[in-house]
Amino acid sequence: MASPKEFAPDFVLSAKEGDRQATEAIVRRLRPILRAYFIRRIGLKPDVEDLIQNTLVRVYNGLRDLQRPDRFMGFAMKAALFEVQDFYRGRYSAKETTYDPESPPTMIQHPKKTGLQVDLERALTVLTPKAREIIELREYGYRYKEIAEMVGTTEAAVKMQVKRAFERLRRVLVA
């Protein structure tokens with residue numbers, strides 16, 4: 001748990017006003033809290049460090065506009081939540097790979113195709129355009145309620161579309 005001194009409103013206010021030591025102390029204490037939060041949400045993945053860094057940047061950039069220093073932890077955790085949402089919605093692209101310029105990587109050889117591979121794109125053609133859109137939005141991490149608002153229907157109708165879409169896909173893929 002954060003010590004009262006490090007996230008006390010006066011301390012946060014000092015960081016907000018540009019006190020470098022206060023800012024560094026807040027970042028130092030916030031880092032393990034964010035690490036635990038992200039590991040609980042996405043597991044122990046290499047992306048955790050990126051999520052922590054991006055959250056700390058959000059917090060630092062938003063600190064100037066923070067109206068209620070006594071609600072700093074809520075502010076910081078909301079920034080972390082936004083990062084998790086971006087992560088699950090696919091807004092994190094593949095990370096840059098570094099290599100030795102003296103020995104660049106060789107081309108990756110794709111394994112030979114076997115009869116067990118599935119043409120998912122072809123399987124999705126059995127869905128109606130609306131069902132396909134709903135499945136894609138669900139895959140991006142949107143909740144049923146959000147999807148319902150986006151496509152102009154009810155949450156129950158979205159759930160039923162998902163259920164029926166998976167039944168159709170199951171029939172096509174198992175056949």
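Q: Which helix holds Arg138?
A: Arg138 falls within residues 129-139. Helices (H or I, at least four residues) and strands (E, at least two) are DSSP runs, numbered from the N terminus. This is a predicted model: local features need pLDDT of at least 70, side-chain atom pairs count only at pLDDT 80 or more, and totals for chains, interfaces and linings use all residues. The helix is H7.

Q: Is Arg138 buried or partly exposed?
A: Residues are numbered from 1 along each chain as its sequence is written, and side-chain values use heavy atoms, without hydrogens and water. Buried means under 20% relative accessible area, exposed over 50%, and partly exposed in between (1.4 Å probe, protein chains only). Arg138 has 33% relative accessibility, so this residue counts as partly exposed.

Q: How far apart in space are Arg138 and Arg89, C-alpha to C-alpha?
A: Along the sequence, the two are 49 residues apart. In space, their C-alpha separation is 9.2 Å.

Q: Which residues does Thr23 touch, not counting those up to four places away in sequence?
A: Thr23 is part of helix H3. Thr23 counts as buried because its relative accessibility is 14%. Contact means heavy atoms within 4.5 Å. Thr23 touches Ala15 and Tyr60.

Q: At roughly what angle do the axes of H2 and H3 cross?
A: Axes are lines fitted to C-alpha atoms, for helices over the stretch in contact, and angles run from 0 to 180 degrees between N-to-C directions. H2 spans residues 9-16 and H3 spans residues 20-42. Their axes come within 7 Å and cross at roughly 115°.

Q: Which residues of H3 make the contact with H2?
A: H2 contributes Phe11, Val12, Ser14 and Ala15. H3 contributes Ala22, Thr23, Ala25 and Ile26.

Q: Within what arc do the buried residues of H2 fall?
A: In H2, Phe11, Val12 and Ala15 are buried. The arc is that of the directions from the helix axis to the C-beta atoms. The buried residues line one face of H2, because they fall within an arc of 100°.

Q: What word describes how H3 lies to H5?
A: H3 packs with H5 (residues 72-88) at about 40°, with axes 11 Å apart. Angles under 35 degrees count as roughly parallel, over 145 as roughly antiparallel, 65 to 115 as roughly perpendicular and the rest as oblique. The angle therefore makes H3 to H5 oblique.
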